[in-house]
Amino acid sequence: MLYKNDGFRPETIKALKEELKASGKSYKVIPSDGNNEEFKNFYFLGMFEGREVIYDAALYTLRLHHSSEIYELAEHKAAQKFPNFKGINYEEDENGNLKPLDNDEEEIGWFITEIIMDLEEEEAVKVQEFIDMDTNHDFGIGVDAALYVDHIDDTVIKKFIKEFNDDTIKLDDTLYSFQSEDIEE
């Protein structure tokens, strides 16, 4: 039988089932530097079109989703104003400290910061909870979801998986806007 990818293969599913049983969890966090209290990437098992499959989930807070949308819009505006803009690349020295940006990058960085502050102040970007599925994902089925929670922890992940698999998730369609938290000195 042809499988879309390894996340549909019975032997891959069986191996994950055994790993989950041994761990006592309903999911496996995929090791990544990107995982933090506002974002987790993990695998879980579920059904799709009557067959068991592995879901590759990216679950994040609505605040993080909002920040990403704001930053993307600010970068777009920077690319319009600065034709040579290709992104700002932060580099570290041998001690792990950030190297200073060149003059052009610094100017663009300040421009992006100002745009972000303006967009937040005007509440120009609003986001709402969502779940997107990618059935053409490279492993299993991809699931992108943003929830209005303070952080992504074990409780949030377990509730998400249960409600996703039971098809009982109720998404909040309220539009939200967030402000960057002030950094205390």
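**Strands, helices and cut-offs**

Modeller: Phenylalanine 130 has alanine 146 in E5 as its bridge partner. The model is predicted, and local features need pLDDT of at least 70, side-chain atom pairs count only at pLDDT 80 or more, while totals for chains, interfaces and linings use all residues. Residues are numbered from 1 along each chain as its sequence is written, and side-chain values use heavy atoms, with hydrogens and water left out.

Biologist: What makes E4 and E5 a pair, and in which sense do they run?

Modeller: Two strands pair if DSSP finds at least two bridges between them. E4 and E5 have 5 bridges, so they meet that condition, and their sense is antiparallel. Strands themselves are DSSP runs of at least two residues, helices (H or I) are runs of at least four, and both are numbered from the N terminus. E4 and E5 also form a hairpin with 6 residues between them. In its turn, glycine 140 has a positive phi of about 60 degrees.

Biologist: Which strand runs parallel to E5, and over how many bridges?

Modeller: E3 does, over 7 bridges. Within that pairing, tyrosine 60 has alanine 146 of E5 as its bridge partner.

Biologist: Why is E5 called mostly covered?

Modeller: Of its 7 residues, 6 are buried. Buried means under 20% relative accessible area, exposed means over 50%, and partly exposed lies in between (1.4 Å probe, protein chains only).

Biologist: How do you know that the length of helix H4 agrees with its number of residues?

Modeller: The expected span is 1.5 Å times one less than the number of residues. For the 13 residues of H4 (residues 154-166) that gives 18 Å, and the end C-alpha atoms are 18 Å apart, so the two agree.

Biologist: Which residues of H4 are buried?

Modeller: They are Val156, Ile157, Phe160, Ile161 and Phe164. These residues cover an arc of only 130 degrees around the axis, which places them on the same side of H4; the arc is that of the directions from the helix axis to the C-beta atoms. An α-helix has 3.6 residues a turn, so residues three or four places apart point the same way. Thr155, Lys159 and Lys162 are exposed on the other side of H4. The cover over the buried residues includes strand E2 (39-48), strand E3 (51-61), strand E4 (130-134) and strand E5 (141-147).

Biologist: What caps the N-terminal end of H4?

Modeller: Aspartate 153 does, with a side-chain oxygen 3.2 Å from the backbone nitrogen of threonine 155. After H4 comes aspartate 167, with a positive phi near 55 degrees.

Biologist: Is histidine 66 buried or exposed?

Modeller: Histidine 66, in helix H2, has 1% relative accessibility and therefore counts as buried. Leaving aside neighbours within four places in sequence, it is in contact (heavy atoms within 4.5 Å) with Val125, Val127, Tyr176, Ser177 and Phe178.

Biologist: And what is known of leucine 62?

Modeller: Leucine 62 also lies in helix H2 (residues 62-81), and its relative accessible area of 0% makes it buried. Not counting residues up to four places away in sequence, leucine 62 touches several residues, among them Ala146, Leu147 and Tyr148.

Note on methods
Polar contact = N/O pair within 3.5 Å; in protein donor to acceptor, adjacent residues only side chain to side chain.
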